[in-house]
Amino acid sequence: YQRRVREAVVSTQSTGIMPFSLFPPVIIRQKIGQGLVAEIHGDKKKRVAGVNRIKGQFSQGCKFELRRYGITLWDGFISTMRFKNEVISETSEHITECGISFPKRAISTLEVGDVLLCYRNKEGRREF
């Protein structure tokens with residue numbers, strides 16, 4: 001770390017420009033899919049949401065965001081995703097609806113009509 005700072009100071013003194021490697025990277029949110037909660041099954045301990053996929057696709061390893069009226073209620077990873085009693089890792093073109101179970105923290109906020117966004121965060125270079 002000290003050598004990197006020393007090299008940056010020498011580089012800055014000779015060129016007068018700050019190198020980009022010292023700035024923290026920019027987090028870019030890449031939207032992958034969007035769906036609408038159509039049904040909710042289960043009790044207070046375990047709930048499964050029947051989600052109609054509107055566009056894109058859902059993937060098990062991506063982050064999900066639960067929104068109502070444009071306000072984010074929950075943000076995190078889902079527990080499982082199912083299609084016709086099979087556990088799936090992602091939705092394909094022919095799968096337009098699936099059952100998604102959420103962690104306990106998201107269960108209390110879940111309602112029919114909520115929007116579910118699937119996204120992936122990427123790190124990018126900061127541009128000035």
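Tutor: Let's start with a rule: a charge sits over a ring if NZ of Lys or CZ of Arg is within 6 Å of the ring centre and within 35 degrees of the ring normal. This is a predicted model, where local features need pLDDT of at least 70, side-chain atom pairs count only at pLDDT 80 or more, and totals for chains, interfaces and linings use all residues. Residues are numbered from 1 along each chain as its sequence is written, and side-chain values use heavy atoms, with hydrogens and water left out.

Student: What makes the charged end of Arg29 sit over the ring of Tyr119?

Tutor: The charged end of Arg29 is 3.7 Å from the ring centre of Tyr119, and the limit is 6 Å.

Student: Why is the pair of Trp74 and Phe102 called edge-to-face?

Tutor: Rings of Phe, Tyr and Trp (its six-membered ring) pair if their centres lie within 6.5 Å; planes under 30 degrees apart count as stacked, over 60 as edge-to-face and the rest as tilted. The centres of Trp74 and Phe102 are 5.5 Å apart and their planes stand at 90°, so this pair is edge-to-face.

Student: Why does Phe58 count as buried?

Tutor: Buried means under 20% relative accessible area, exposed over 50%, partly exposed in between (1.4 Å probe, protein chains only). Phe58 has 0% relative accessibility, so Phe58 is buried. Phe64 also has 0%, so Phe64 is buried too.

Student: How do you know that β3 and β8 pair?

Tutor: Strands (E, at least two residues) are DSSP runs, numbered from the N terminus, and two of them pair if DSSP finds at least two bridges between them. Five bridges join β3 to β8, and these strands run antiparallel.

Technical notes
Helix = DSSP H or I, 4+ residues; strand = E, 2+ residues; numbered from the N terminus.
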